[in-house]
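Welcome, and thanks for taking a look at this one. Please keep the sequence and the 3D view open side by side while you read the notes below.

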Amino acid sequence: MPRFRSTSCLLIFALAGVLTAQQRPRISQRVDETRLTRLGQTTHPLTRTGRDLGRAAADLPMERIQMQLTSSPEQQAALEQLLTDQHDAASPHFQEWLTPEQFGERFGPAQQDIDAVVAWLQGNGFRVDEIGRGRRTLEFSGTASQVERAFHTQMRQYEIAGERHLANATDLAIPEALAPVIGGVAGLHDFRHQPMHRVLGQAPAPATNLS
């Protein structure tokens, strides 16, 4: 075989190895509901200051809950390098933008991992509504009781500044086996982001010379 053909084959195999490593499944254990891990900082701080009005109704609809999926450490390092290269005019990857599907193929969880998370959600009674094109988000819906059972928390109602709000009372917990690909869950509370400024008063109108 000519040397250049041998070199080309080695290059193809090397690239294939990189792609395989990027998509290597990270969920390698059986999902065991007795072995849990907590997702830190998944309780809204206002639940500590609001007046607790009690537990939410078990059949309360919980719509459009967002689950964040993570890249592996190797994928994250490659993503950070790509972001640097995309803004470096001297790089061959300068302004080499990716479609959501390309992003998902390179930096998202393997399909096997996504299937495992979807199966776990469906096994807890949730309806999976959408998987993000970039493989970094997963949207699902259910009821308050399903959220409580799956994530080992309570959905409670709170009164803050005269308004009623819904939120989970404790940090969420998930099976340890799923922790390598689940980064967090959003959409379980209805607190809105507060503006970083407030209006102190209206400035006086400029004086008008009537002479």
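A residue counts as exposed when its relative accessible area is over 50%, and as buried when that area is under 20%. By that cut-off Gln41 is exposed, because its relative accessible area is 80%. Please bear in mind that this is a predicted model. Its chain has a mean pLDDT of 85, with 81% of the residues at 70 or more.

**Where to be careful**
- Over residues 3-21, pLDDT stays under 50, and the model has 1 contact beyond four places in sequence for this stretch.

**The nonpolar core**
- The largest nonpolar core has 28 residues, and Met67, Val117, Phe140, Phe151 and Val185 have the most contacts inside it.
- At least two core residues each come from β3 (61-69), α4 (111-123), β5 (137-143), α5 (144-151) and β9 (182-186).
- Helix α4 gives the largest share of this core, 5 residues.
- If you select Met67 and skip its neighbours within four places in sequence, you will find contacts that include Val117, Trp120, Leu121, Phe140, Phe151, Ile182 and Val185.
- Met67 also contacts Arg136, Thr137, Leu138 and Gly184.

**Helix α2 and its surroundings**
- Helix α2 (residues 73-86) and helix α3 (residues 100-107) have axes that come within 9 Å and cross at roughly 135°.
- The pair is therefore oblique.
- In the contact of α2 with α3, the residues by class are 5 nonpolar, 1 polar and 1 charged.
- On the α2 side you can pick out Gln75, Ala78, Leu79 and Leu82, which meet Phe103, Arg106 and Phe107 of α3.
- Gln86 also lies in α2, and Gln86 counts as buried because its relative accessibility is 6%.
- Beyond residues up to four places away in sequence, Gln86 touches His93, Phe94, Gln95, Glu96, Trp97 and Leu98.

**Two backbone spots to check**
- Most residues other than glycine have a negative phi.
- Gln41, however, has a positive phi near 60°, and its place is in the loop between β1 (36-38) and β2 (51-55).
- Ala161 has a positive phi too, at about 55°, and is found in the loop between β6 (155-160) and β7 (163-168).
- Is Ala161 buried or exposed? Ala161 counts as exposed, because its relative accessibility is 80%.

Technical notes. Residues numbered from 1 in each chain as written. Predicted model: local features only at pLDDT ≥ 70, side-chain atom pairs only at ≥ 80, totals over all residues. Heavy atoms only, no water. pLDDT = per-residue confidence, 0-100. Contact = heavy atoms within 4.5 Å. Axes fitted to C-alpha atoms, helices over the stretch in contact; angles between N-to-C directions. Helix = DSSP H or I, 4+ residues; strand = E, 2+ residues; numbered from the N terminus. Parallel < 35°, antiparallel > 145°, perpendicular 65-115°, else oblique. Nonpolar A, V, L, I, M, F, W, Y, C, P; charged D, E, K, R; others polar. Core = buried A, V, L, I, M, F, W, Y, C linked by side-chain atoms within 4.5 Å. Buried < 20%, exposed > 50% of the residue type's maximum accessible area, 1.4 Å probe, protein only.
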